[in-house]
Amino acid sequence: MNPFGRNKKQQLKQNEQFLFHLKHGYTYISGVLTTFNDWSETNSLPTVDPQKWAV
């Protein structure tokens with residue numbers, strides 16, 4: 001990626017979108033891992049609240 005190239009606004013937009021998706025993916029995975037850790041500590045798989053799995 002050349003920051004001095006012609007398509008820097010387009011590249012910036014693509015990078016912003018990519019970062020947006022990465023942040024949301026990280027947030028989702030963090031929530032899933034928290035749930036798995038809770039299950040691991042209790043040694044059970046309770047009825048899951050659908051809100052925890054909502055994307």
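I began with Phe-36, which is partly exposed at a relative accessible area of 40%; buried means under 20%, exposed over 50%, and partly exposed in between (1.4 Å probe, protein chains only).

A note on the source: this is a predicted model, where local features need pLDDT of at least 70, side-chain atom pairs count only at pLDDT 80 or more, and totals for chains, interfaces and linings use all residues. Residues are numbered from 1 along each chain as its sequence is written, and side-chain values use heavy atoms, with hydrogens and water left out.

Next I placed Phe-36 in helix 1, residues 8–42; helices are DSSP runs (H or I, at least four residues), numbered from the N terminus. I found 35 residues in helix 1 and a reach of 51 Å from first C-alpha to last, close to the 51 Å expected, taken as 1.5 Å times one less than the number of residues.

Which residues of helix 1 are buried? I noted Val-32, Thr-35 and Trp-39. Across the protein chain, buried residues make up 5% of the 55 residues.

Definitions and conventions. Helix = DSSP H or I, 4+ residues; strand = E, 2+ residues; numbered from the N terminus.
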